[in-house]
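Work through the exercises below with the model open beside you, and try each task before reading its solution.

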Amino acid sequence: MSDNIKIRIEGATKVFDVYKREQSGSEEITSRGRTKFGGGVGEKAKRAALSEPRRERRGKSRVRRAELYALKDVSMSVNRGEVVLVIGPSGSGKSTLLRCINRLESLSSGDIWIDDICVSDSKTDIRMVREEVGMVFQSFNLFPHLNAIGNIALSPIVVKGLSKAEAHERARRLLKRVGLEDKEHSYPAQLSGGQQQRVAIARALAMEPHVMMFDEPTSALDPEMIKEVLDAMLALTEEEGMTMLVVSHEMGFAKAAATRVVFMDEGEIVEIGTPDKLFNNPDEERTKRFLEHIL
């Protein structure tokens, strides 16, 4: 692998098994169920009704297995220091791609490399992958029983073996970096959505990863909170040159920070280009149709 390539994805395919219940045809069902009668019905009429079989028609159902291709032969690379934005309609495979890079999902076929670590190899120690790649989710995923500093310090203590004092010192530095130095003792329920997401960014950085991935980090936020999260992400690119892979439709962030934009649809990469080229003069008709709805 070239020294400049940080992530290499070769022929990544992810297939999910989907089970669907289908109704087909019909059959006559005969049964002698119980019947409730109101007052005034004679015993003879009751006996006649109960002895008469009830007939109804029901459809036959069966469960059919189908394959859903979340990723189809995806190949791409991310260079060191690049910020790559992944866009596309819902269900296009964007989040699945990130989850496979972090091995939260296993590929059905293909390979993913981060430096010289083959992420897709089941023999690879998952801790090596998680130390190399930090991930921020749209739903924050903070532990509600831990305050901000506790959430950030937990992984360095458990995974890296840092002392509590060392981990807390690292957490304080990261809280300052994301502008929350006064919130170290606040619990998630006491923080706004934007503040929780910034704590989540600090938590991912606490493992000192070489790659940061963001899965729609602002989609669950109110509009006024989005800027503070995007500013924290921009600082990572401007101050540290962090390699980043971001699933988002925040066009302002794309124009300010992205080096390339990837458009995905139905599990495939449709087009890759610079923000200027892809947003202003895309080559593919499918890309043009999608951008008409978000620009």
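**Exercise 1: the sides of a helix**

The buried residues of helix H10 (residues 285-294) are Thr-287, Phe-290 and Leu-291, where buried means under 20% relative accessible area and exposed over 50%, with partly exposed in between (1.4 Å probe, protein chains only). Because they cover an arc of only 100° around the axis, they lie on the same side of H10; the arc is that of the directions from the helix axis to the C-beta atoms. Helices (H or I, at least four residues) and strands (E, at least two) are DSSP runs, numbered from the N terminus. This is a predicted model, in which local features need pLDDT of at least 70 and side-chain atom pairs count only at pLDDT 80 or more, while totals for chains, interfaces and linings use all residues. Residues are numbered from 1 along each chain as its sequence is written, and side-chain values use heavy atoms, with hydrogens and water left out.

Task: Find which exposed residues the face of H10 turned away from its buried side carries, and what the buried residues of H10 pack against.

Solution: Begin with the face turned away from the buried side of H10, which carries the exposed residues Glu-292 and His-293. Then turn to the buried residues of H10, which pack against strands E3 (83-87), E9 (260-265) and E10 (268-273) and against helix H9 (275-280).

**Exercise 2: a loop residue**

Task: Decide whether Thr-124 counts as buried or exposed.

Solution: First locate Thr-124 in the loop between strand E5 (117-118) and H3. Thr-124 counts as buried because its relative accessibility is 13%. Finally, leaving aside residues up to four places away in sequence, Thr-124 touches Arg-103, Ile-117, Cys-118 and Val-129, contact meaning heavy atoms within 4.5 Å.
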